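Here is a short report on one structure. It covers fold, helix packing and backbone geometry.

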Amino acid sequence: MDAPRVSAKETPGARDSGNRIMDVCEKGLIQDAVAKLQVNDPLAYCWGMAAYAPLAARIKERAALLQYLMSEFDKWEEPHPREKVGQLALFCINACALRDVNGRLIDLGHARTILRCDKKRWDREWVKIWKRLQRRLDPLPARALGPVSEIVQEYRGRLKAVC
């Protein structure tokens with residue numbers, strides 16, 4: 001008995017590449033770059049995982065980012081309650097990840113709800129802390145994606161040279 005046959009047209013991916021073997025090779029190169037990033041720049045690695053990895057894989061890295069933000073907060077010697085700042089920092093990590101990955105605007109109304117404060121109190125007491133937390137996270141996407149981007153560009157250059 002013959003094995004069943006399936007015919008289908010392969011649809012091109014985002015790169016318009018129908019060559020699955022080359023796609024897998026490129027993914028392997030990217031995974032290698034990410035593994036090296038984990039050793040060379042653990043904070044950027046945590047950001048990359050928190051922003052781009054599947055939800056189940058994000059917990060440890062988000063915890064590391066939260067620990068980083070809270071250690072930064074401790075240096076600022078602000079009078080704000082640490083528990084509330086921790087809640088705001090966790091929201092900041094999630095909101096910045098959505099902003100960087102999907103381009104979504106951050107709704108600060110949610111941050112005010114978490115802190116249980118109105119807009120006036122937010123503007124007076126919390127917006128400064130928010131901006132400082134966000135500034136600590138802002139350089140991380142470039143640090144996390146830079147090595148991956150270099151690998152992809154190099155790989156594309158080699159591929160064009162061969163074709």
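Are H5 and H6 roughly parallel or roughly perpendicular to each other? The model is predicted, and the angle settles the matter. Helix H5 (residues 108–115) packs on H6 at about 100°. Angles of 65 to 115 degrees count as roughly perpendicular, so H5 and H6 are roughly perpendicular to each other. Their axes lie 11 Å apart.

**Overall fold**

The protein chain holds seven helices and zero strands. Its pattern along the sequence is α-α-α-α-α-α-α. The chain has 163 residues, and 34% of them count as buried. Take the contacts between residues at least 6 apart in sequence: 62% of these join residues at least 24 apart.

Two packed helices are described by the angle between their axes and the distance between the axes. The table gives both for two pairs.

| Helix pair | Axis angle | Axis distance |
|---|---|---|
| H4 and H6 | roughly 55° | within 10 Å |
| H5 and H6 | about 100° | 11 Å |

Start with H5 and H6. From H5, the contact uses Leu-108, Ala-111, Arg-112 and Leu-115. They meet Lys-119, Arg-121, Trp-122, Trp-126 and Trp-130 of H6. By class, this contact has six nonpolar, no polar and three charged residues.

Now H4 (residues 82–102) and H6 (residues 119–137). Their axes cross at roughly 55°. That angle makes H4 oblique to H6. The crossing is right-handed. On the H4 side, the contact residues are Lys-84, Val-85, Leu-88, Ala-89, Phe-91, Cys-92, Ile-93, Ala-95, Cys-96 and Arg-99. On the H6 side they are Trp-122, Trp-126, Ile-129, Trp-130, Leu-133, Gln-134 and Leu-137. By class, the H4 contact with H6 has 14 nonpolar, one polar and two charged residues.

Trp-122, Trp-126 and Trp-130 of H6 meet H4 residues. Trp-122, Trp-126 and Trp-130 also meet H5 residues.

**Leu-108**

Leu-108 lies in helix H5. Which residues does Leu-108 touch, not counting residues up to four places away in sequence? They are Trp-122 and Trp-130. Cys-92 is 16 residues away along the chain, and its C-alpha atom is 9.6 Å from that of Leu-108.

**Helix H3**

H3 covers residues 59–76. An α-helix has 3.6 residues a turn, so residues three or four places apart point the same way.

Most residues other than glycine have a negative phi. Two residues here go the other way.

Glu-77 follows H3 and lies in the loop between H3 and H4. Its phi is positive, near 55°. Glu-77 counts as exposed, because its relative accessibility is 72% and the cut-off is over 50%.

Arg-116 sits in the loop between H5 and H6. Its phi is also positive, near 55°. Is Arg-116 buried or exposed? Arg-116 is exposed, with a relative accessible area of 71%.

How values were computed. Residues numbered from 1 in each chain as written. Predicted model: local features only at pLDDT ≥ 70, side-chain atom pairs only at ≥ 80, totals over all residues. Heavy atoms only, no water. Helix = DSSP H or I, 4+ residues; strand = E, 2+ residues; numbered from the N terminus. Expected span 1.5 Å × (residues − 1). Axes fitted to C-alpha atoms, helices over the stretch in contact; angles between N-to-C directions. Parallel < 35°, antiparallel > 145°, perpendicular 65-115°, else oblique. Left-handed = near helix turned anticlockwise from the far one by under 90°. Contact = heavy atoms within 4.5 Å. Nonpolar A, V, L, I, M, F, W, Y, C, P; charged D, E, K, R; others polar. Buried < 20%, exposed > 50% of the residue type's maximum accessible area, 1.4 Å probe, protein only.
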